[in-house]
Amino acid sequence: MDKFIIKGGNILDGKITISGSKNSALPILAGALLAEEGECVIDNIPDIRDIDIMLEVIRELGAEIEYDKNEHRVAINAKNINNYKAPYDLVRKMRASFLVMGPLLGRFRQAEVSLPGGCVLGARPVDLHMKGFQSLGAKTFEGEGYIKAKAENLTGSTVYFDRPSHTGTENIILAAALAEGKTRIINAACDPEVVDLVRFLNKMGAKISGAGSTLVEIEGVNKLTGVNYKAMPDRLVAGTYACAAAITGGEVLLETADEESLQMPLMKMRAMGIDITGGNGGIVVKGPERLKPVDITTFPFPGFPTDLQACFMSMCTIADGVSNIVETVFENRLSHAMELMRLGANIKVLGDRAVINGMEHLQGASVMASDIRAGAALVLAGLCAEGTTELLRVYHIDRGYEKIDEVLKNVGADITRVSD
Ligand code: EPU
């Protein structure tokens, strides 16, 4: 298991090119299963562990895959899919593999996917996905750890989400693209990755409108075909590196970062005294002498993203005053607070709230990553802490960030990957 050794105190300076989006690439790769003929060639695929897992799932279903990691390009031929079952071994490694359920149901009218189960962020049920499939006429069965879905006829319908679910919205869109008639998703997730998926599907021949709003309408078509597509840049990776620049008081150009999808976190960064300049194909982030405190409540897009909450908490630990963070999207996404306290942070957690009393400095120590974003937040804390931070279980970070250590080293960080 790899770990990072981080010597804090270096000021970041330089340019980072933002990789393709994980949460966009994953549903797009699943969407390639819908192509009855032709090949889907997807560019800007990040070289991360979650992509490897999704490709294993898709290969298991019978698709032919060529993956050029250097070119960040995947070619998928899904003509000869001959298996409709995504097994536990793979789904347990990554919940997002549940995204193959929609395309399998849409194209073959049957699917069997292991129940993803709970995770470190909380229970994370898939009830909204299932209700959506049922609205389209699928019969669903649960047993022996699997969810099976079958549909004699998959028919357009109105799907109501009690709350916006990001992958839930994507799964229903993926199934409804080949259903008969019109589907409407009410209270759909508005995330930019949903919009990116819909752009890809429409290029394949789908008829979907309203993506990016709370009402998405899908007019089912008979057939979809392979296309070339480029996934959007990763807004969460861009947000993380923006925080890295700011927490060290450095100045970094985030090349290809998409400013539009980062409005809310950039607004909060400005409130913390961070200088943000957009335009020219990227964002320049310049940290102040001392960060100001900030109040944040996470919310589905366009609210403040839960995926950047941990990184902002790291910044708050050295801000000049008291910050308040409320996590409303996931029931258990404040675990990084305990690890930040090991680095000397002054944080009080009360249910879904954290009150962070900013210190002059953090102090290096041994800490552990528990999920992708909590891990990234601890890297940021290590960058600004005095002394040396040893960060264990970096495989969590490798699931979502392409070579984070090399990227940060290139802009001046003292971070070393050690393999045990
Ligand atoms: N929820 C339900 N029932 C459902 C689905 C969701 O109750 O059927 C609840 C969840 O338990 C959670 C809330 O609704 O409390 C929102 O969950 P959502 O379904 O939106 O999350 P997701 O689709 O499972 C995606 C991202 C996450 C990101 C969230 C929120 C992907 C592959 N994953 O998860 O990304 O945090 O949306 O924006 O797109 C990450 O990249 O590190 C990550 C965890």
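Which residues lie nearest the centre of the second largest pocket? I looked this up before anything else. The model I worked from is a predicted one.

**Entry: second largest pocket**

I found Ile247, Thr248, Glu289, Ile318 and Cys384 nearest the centre of this pocket. They belong to a lining of 18 residues. I then looked up the space inside the second largest pocket and noted about 360 Å³. Sorting the lining by class gave me nine nonpolar, five polar and four charged residues. Two helices are on my list for this lining: α8 (235-247) and α12 each supply at least two of its residues.

**Entry: the ligand and its shell**

Next I turned to the ligand. I noted 21 residues around it, with Asp127, Ser165, Thr167, Val329 and Arg373 as the closest. By class, I wrote down eight nonpolar, six polar and seven charged residues for this shell.

- Threonine 167 has a polar side-chain atom 2.5 Å from a ligand oxygen.
- Asparagine 23 has a side-chain N or O atom 3.1 Å from a ligand oxygen.
- Arginine 333 has a side-chain N or O atom 3.4 Å from a ligand oxygen.

I also checked how far the ligand is covered. On its own the ligand exposes 830 Å², and the protein buries 88% of that.

Which elements give two or more residues to the shell around the ligand? I listed α1 (22-31), α5 (127-135), α6 (166-176) and α12 (372-384). The largest share comes from α5, which gives three residues.

I then asked which domains the shell draws on. Domain 1 (2-18 + 233-419) and domain 2 (22-221) each provide at least three residues of the shell.

**Entry: enclosed space**

Rolling a probe the size of a water molecule over the atoms shows where empty space is left. How many cavities of 30 Å³ or more does a search of the whole structure find? I recorded one. The space in the largest cavity is about 40 Å³.

**Entry: backbone details**

Where is there a cis peptide bond? I found one joining phenylalanine 301 and proline 302, with omega about 10°. Proline 302 sits in the loop between β20 (295-297) and α10 (309-316).

I also looked at histidine 72. Its phi is near 55°, a positive value in a residue other than glycine. Histidine 72 is in the loop that runs between β5 (64-68) and β6 (73-77).

Note on methods. Residues numbered from 1 in each chain as written. Predicted model: local features only at pLDDT ≥ 70, side-chain atom pairs only at ≥ 80, totals over all residues. Heavy atoms only, no water. Near = heavy atom within 4 Å. Polar contact = N/O pair within 3.5 Å; in protein donor to acceptor, adjacent residues only side chain to side chain. Areas by Shrake-Rupley, 256 points an atom, 1.4 Å probe, with all protein chains shown as cover. Helix = DSSP H or I, 4+ residues; strand = E, 2+ residues; numbered from the N terminus. Nonpolar A, V, L, I, M, F, W, Y, C, P; charged D, E, K, R; others polar. Domains from an automatic or database assignment. 1 Å grid on protein atoms, 1.4 Å probe; cavity = no way out; pocket = protein on both sides within 12 Å on 5 of 7 lines; lining within 4 Å. Points joined across faces, edges and corners; volume = space filled by probe spheres on them.
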